[in-house]
Amino acid sequence: MPTETLRFPALDGRLLAATIHSPDGPPRAVAVMFGALGVPQQFYGPFAAWLAARGVAVLRFDYRGCGDSRDLPLRRDPATLLDWARLDAAAAVDLASDLASERWGGAPVWAIGHSFGGQAIGLCPRGLDLAGAIVVAAGSGDLELFAPKVRRSLRLQFSVMVPLVGAVVGYIPGRLGLGEDLPRGVVRQWAQWAMTPDYVRGALGRDATHFHRIDAPMWFFDIADDTYAPAKPSAALRGWYTRARTSHRIITPAELGRTSVGHFGGFRVGVGEPLWQAMLTAITGDVAVRRDV
């Protein structure tokens, strides 16, 4: 399938790197890939190519300070999580909408959010303009929703390690378990939200977010053995999208022919294809949406 690399401006003008995967013919839909924290867009390349081969155009991009969008020394990069959602993801949806209008006959624009990307859909002002959304392996980051052992470990990391390492090194190294090296403002804001009751809604105020305003159909796919987004945090995030017409499914490793899948396995070649088929089916409208009960 044809691919195109480009740079496009975020809402504040900062240039971001993106890749477009186009079907051979007119697409049935356009999907914008909202990636996970610390995960470069290349990780989603095989999944995007798979969708494009089946008639769904895909736009994947790197948030500022990450992957191919890294254009400043990390020590000087002022990026935050809110910038990723409000400025970067919003501009990506705008770009996808322009492409849909100019190239693809007004094809509907969807978002696919992995991990933080599932949160970003409700923080992004363009979330209100989407035809639909899919959320994979995502949850609230509120530490009180996690098991005590995990909560204690993360609280120590967020309250001691992140400030100390950020002050000494000037950024947060990926070897601390975050994937890529990240601007310290991104991880600092994540830590602040995580240690605030109700996570970002508690930190910013409910009306400063858009979770409760989105009314498009949404599919939520949880991974049964995901320790980053286990059941309670996932249910909390899902509950924020109060107006959306939602469908929820828990994917077990056995369904994917594996003994373990975890937080990232659903997007890996040779593992995630059954999940990819479920997402394709949701986007192309071959199944009805049901509301959670």
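Reader: At what angle do helix α1 and α8 pack, and how far apart are their axes?
Author: The angle between α1 (residues 45-52) and α8 is about 50°, and the axes lie 11 Å apart. Axes are lines fitted to C-alpha atoms, for helices over the stretch in contact, with angles from 0 to 180 degrees between N-to-C directions. This is a predicted model: local features need pLDDT of at least 70, side-chain atom pairs count only at pLDDT 80 or more, and totals for chains, interfaces and linings use all residues. Residues are numbered from 1 along each chain as its sequence is written, and side-chain values use heavy atoms, without hydrogens and water.

Reader: How many residues of α1 are buried?
Author: Six of its eight, so α1 is mostly covered. Buried means under 20% relative accessible area (1.4 Å probe, protein chains only). Among them are Phe47, Trp50 and Leu51.

Reader: What do the buried residues of α1 pack against?
Author: Strands β2 (15-21), β3 (29-34), β4 (56-61) and β5 (109-114), plus α8. Helices (H or I, at least four residues) and strands (E, at least two) are DSSP runs, numbered from the N terminus.

Reader: And α8, how many of its residues are buried?
Author: Nine of 12. Trp276, Met279 and Leu280 are among the buried ones.

Reader: What span should α8 have?
Author: At 1.5 Å a residue, 16 Å for residues 273-284. The end C-alpha atoms are 16 Å apart, which agrees. The expected span is 1.5 Å times one less than the number of residues.

Reader: What follows α8?
Author: Gly285, with a positive phi near 80°.

Reader: New topic. How do α2 and α3 pack?
Author: Helix α2 (residues 81-102) and helix α3 (residues 116-123) pack at about 60°, axes 9 Å apart. They are therefore oblique to each other. Their crossing is right-handed.

Reader: Which residues of α2 and α3 meet?
Author: Leu81, Trp84, Ala85 and Arg86 in α2 meet Phe116, Ala120 and Leu123 in α3. Six of the residues in this contact are nonpolar, none polar and one charged. Ala, Val, Leu, Ile, Met, Phe, Trp, Tyr, Cys and Pro count as nonpolar, Asp, Glu, Lys and Arg as charged, and the others, Gly among them, as polar.

Note on methods:
Parallel < 35°, antiparallel > 145°, perpendicular 65-115°, else oblique. Left-handed = near helix turned anticlockwise from the far one by under 90°. Contact = heavy atoms within 4.5 Å. Buried < 20%, exposed > 50% of the residue type's maximum accessible area, 1.4 Å probe, protein only.
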